[in-house]
Amino acid sequence: MPEGIILKGIGGFYQVLDGDSENLYTCKVRGVHRKEGGLTPLAGDRVTFRILDEKKLEGHIDRILDRRNAFVRPPVANIDQLAIVLAVRSPDPDLMLVDKLLITCLSKDIRPLILINKFDLDDAHRVDELKKAYQGTGFPIIVLSKFFKDSYQELRRELIGYTTAFAGQSGVGKSTILNMILDNWLMETGDISDRIQRGKHTTRHVQLFRLDGGGFIVDTPGFSSFSVSDISHNSLEQYYPEFEECIGQCRFKGCSHTSEPDCAVRDLIGQQKLDQKRYYRYVELYRELKEVYDNRYRR
Ligand SMILES: Nc1nc2c(ncn2[C@@H]2O[C@H](COP(=O)(O)OP(=O)(O)OP(=O)(O)O)[C@@H](O)[C@H]2O)c(=O)[nH]1
Ligand SMILES: [Mg+2]
Ligand SMILES: [Zn+2]
């Protein structure tokens, strides 16, 4: 049975890219699959499918193969990388959202990329401050502007061979970046059939676009307001790569790094290995998660 990947699903129809022939089949889900209580297919799912009509390119999805990870909102599966997009301004960056997205990445085995966009609007010189906030994480940080075509080269290299979704506040420029990346690729191949429709529209569907060098990029709505309540306050420290070198070195065992004396994490701020504002956001998030926990388990 052929195997493929779901590029998008709308109204019960799924566009499946056949891994061998590279044909695009329009598929429905087998009735039996649904009755068996099968999973709902998501964009990004790898599936086996049955070809019903080779001429019309129609088929039936038979089985969803094991997922590496999956999200409900936005509905997408098997993400390797998450490009977390923020703008230097317009809209002003929501760094708590960036921090939460980083935590999500680390908890779901996804490699984060941090994209600082709208560099052309950086009259207040915020880009260095933003870079500094995340340098300690060790993740790639790429500065972009739609007015500087060359700024996309580095990003392009990071995308090849992976499935990358784009996340960030509405209006930071996710779809614009995707357009830039695909346009360039399409220009190289001369194929313009599959480009994202242009315009200033808020993205409403999840869709995977194939990259020439291998891999996919995914345009999604959502990933914009976010909760990390499934992570316990006790394990929050694990999701800050900057903390790693000093975990276990605080004076108190089980140190929360929020208020205890002789805390090795707080020492990092003095050594400039940890951004102070990012640390304050950690404390805020820790308290939020602890409150959730206390309300749930302590009466
Ligand atoms: N000045 C400037 N404007 C940009 C840049 N990138 C995108 N924009 C503009 O920002 C606006 C929003 O861009 P989109 O790409 O639609 O943003 P988005 O993140 O996809 O937004 P949603 O789909 O609503 O989540 C558009 O008017 C873009 O032209 C940039 O590098 N510089
Ligand atoms: Mg968009
Ligand atoms: Zn500590």
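**Exercises on a predicted model**

Helix α2 (residues 95-107) packs against helix α7 (residues 276-297) at an angle of about 70 degrees, and their axes are 10 Å apart. Axes are lines fitted to C-alpha atoms, for helices over the stretch in contact, and angles run from 0 to 180 degrees between N-to-C directions. Helices (H or I, at least four residues) and strands (E, at least two) are DSSP runs, numbered from the N terminus. This is a predicted model, in which local features need pLDDT of at least 70 and side-chain atom pairs count only at pLDDT 80 or more, while totals for chains, interfaces and linings use all residues. Residues are numbered from 1 along each chain as its sequence is written, and chains are lettered from A and ligands numbered from 1 in the order in which they are written.

**Exercise 1.** State which residues of α2 meet which residues of α7.

*Solution.* In α2, Leu95, Met96 and Asp99 take part; in α7, their counterparts are Arg278, Arg281 and Leu285. Contact requires C-beta atoms, placed from the backbone, within 7 Å.

**Exercise 2.** Describe the sheet of six strands.

*Solution.* Step 1: the order is β10-β9-β8-β11-β13-β12, in an open sheet with mixed pairing. Two strands pair if DSSP finds at least two bridges between them. Step 2: β10 (141-143) and β12 (207-210) are at the edges with a single partner strand each, so one side of each has no neighbour in the sheet. Step 3: from one strand to the next, the twist averages 25 degrees.

**Exercise 3.** Determine how β11 and β13 pair.

*Solution.* Strands β11 (residues 163-167) and β13 (residues 216-219) pair in the parallel sense over three bridges. Alanine 165 is opposite valine 218 in β13.

How values were computed: Contact = placed C-beta atoms within 7 Å.
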